[in-house]
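I opened this notebook to keep track of what I looked up in one structure. The entries follow the order in which I went through them.

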Amino acid sequence: MHQYSLYYLFAINAVTFLLYAMDKYKAKKDKWRISEATLLTMAARGGSIGAWAGMRI
């Protein structure tokens, strides 16, 4: 069970990081962005480290 939790946390953080990175890219290109509700939901479901890294990088 513990191993699956680590897989989940890795996966959710990787996906959240990619979503935040895509949102930053779209903002710079003045394109349709990812909704804030989606970004915050992903962060709340365990992707807070990925969200933080996506905002910083």
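The entries below go from the whole chain to single residues.

**Entry 1: the whole chain**

I note at the outset that this is a predicted model. I looked up the secondary structure and found two helices and zero strands in the protein chain. I then took the dimensions of the C-alpha trace, which spans about 45 × 20 × 10 Å along its principal axes. The protein chain has 57 residues, and 26% of them are buried. For its accessible surface I wrote down about 4,600 Å², with 66% belonging to carbon and sulfur atoms. Of the contacts with a separation of 6 or more, 63% are between residues 24 or more positions apart.

**Entry 2: helix 1**

I took helix 1 next and compared its reach with the expected one. Helix 1 has 27 residues, and from its first C-alpha to its last it reaches 39 Å, close to the 39 Å expected at 1.5 Å a residue. Which residues of helix 1 are buried? I listed Ile 12, Asn 13, Thr 16, Leu 19, Tyr 20 and Asp 23. I then checked what they face, and the buried residues of helix 1 pack against helix 2.

**Entry 3: the nonpolar core**

I looked up the largest nonpolar core and counted eight residues in all: Ile 12, Leu 19, Tyr 20, Ile 34, Leu 39, Met 42, Ala 43 and Ala 51. Helix 1 and helix 2 are the elements that give two or more residues to this core. Which helix gives the most? Helix 2 does, with four residues.

With neighbours within four places in sequence left aside, Leu 39 is in contact with Leu 19, Tyr 20, Asp 23 and Ile 34.

**Entry 4: Ile 12**

Not counting residues up to four places away in sequence, Ile 12 touches Met 42, Arg 45, Gly 46 and Gly 47. I also noted a distance to Thr 41: Ile 12 and Thr 41 are 29 residues apart in sequence, and their C-alpha atoms are 11 Å apart in space.

**Entry 5: Asn 13**

I moved one place along to Asn 13, also found in helix 1. Is Asn 13 buried or exposed? Asn 13 is buried, with a relative accessible area of 15%. Its side chain has a polar atom that lies 2.8 Å from the backbone nitrogen of Gly 50. Leaving aside neighbours within four places in sequence, I found Asn 13 in contact with Gly 46, Gly 47, Ser 48, Ile 49 and Gly 50.

**Entry 6: Tyr 8**

I looked at Tyr 8, which helix 1 also contains. Tyr 8 has 42% relative accessibility and counts as partly exposed. Tyr 8 and Ile 49 are 41 residues apart in sequence and 13 Å apart in space, C-alpha to C-alpha.

**Entry 7: the salt bridge**

I searched for salt bridges and the count comes to one. Asp 23 forms it with Arg 33, and the closest N and O atoms are 2.8 Å apart. What does this pair tie together? Asp 23 lies in helix 1 (residues 2-28) and Arg 33 in the loop between helix 1 and helix 2 (36-56), so the pair ties together parts that are ten residues apart in sequence. I then looked up the accessibility of each partner. Asp 23 counts as buried at 6% relative accessibility, whereas Arg 33 counts as partly exposed at 44%.

**Entry 8: Asp 30**

Just after helix 1, Asp 30 takes a positive phi of about 55 degrees. I marked this down because most residues other than glycine have a negative phi. Asp 30 counts as exposed, at 71% relative accessibility.

Notes: Residues numbered from 1 in each chain as written. Predicted model: local features only at pLDDT ≥ 70, side-chain atom pairs only at ≥ 80, totals over all residues. Heavy atoms only, no water. Buried < 20%, exposed > 50% of the residue type's maximum accessible area, 1.4 Å probe, protein only. Contact = heavy atoms within 4.5 Å. Areas by Shrake-Rupley, 256 points an atom, 1.4 Å probe, with all protein chains shown as cover. Salt bridge = Lys/Arg side-chain N within 4 Å of Asp/Glu carboxyl O. Core = buried A, V, L, I, M, F, W, Y, C linked by side-chain atoms within 4.5 Å. Polar contact = N/O pair within 3.5 Å; in protein donor to acceptor, adjacent residues only side chain to side chain. Expected span 1.5 Å × (residues − 1).
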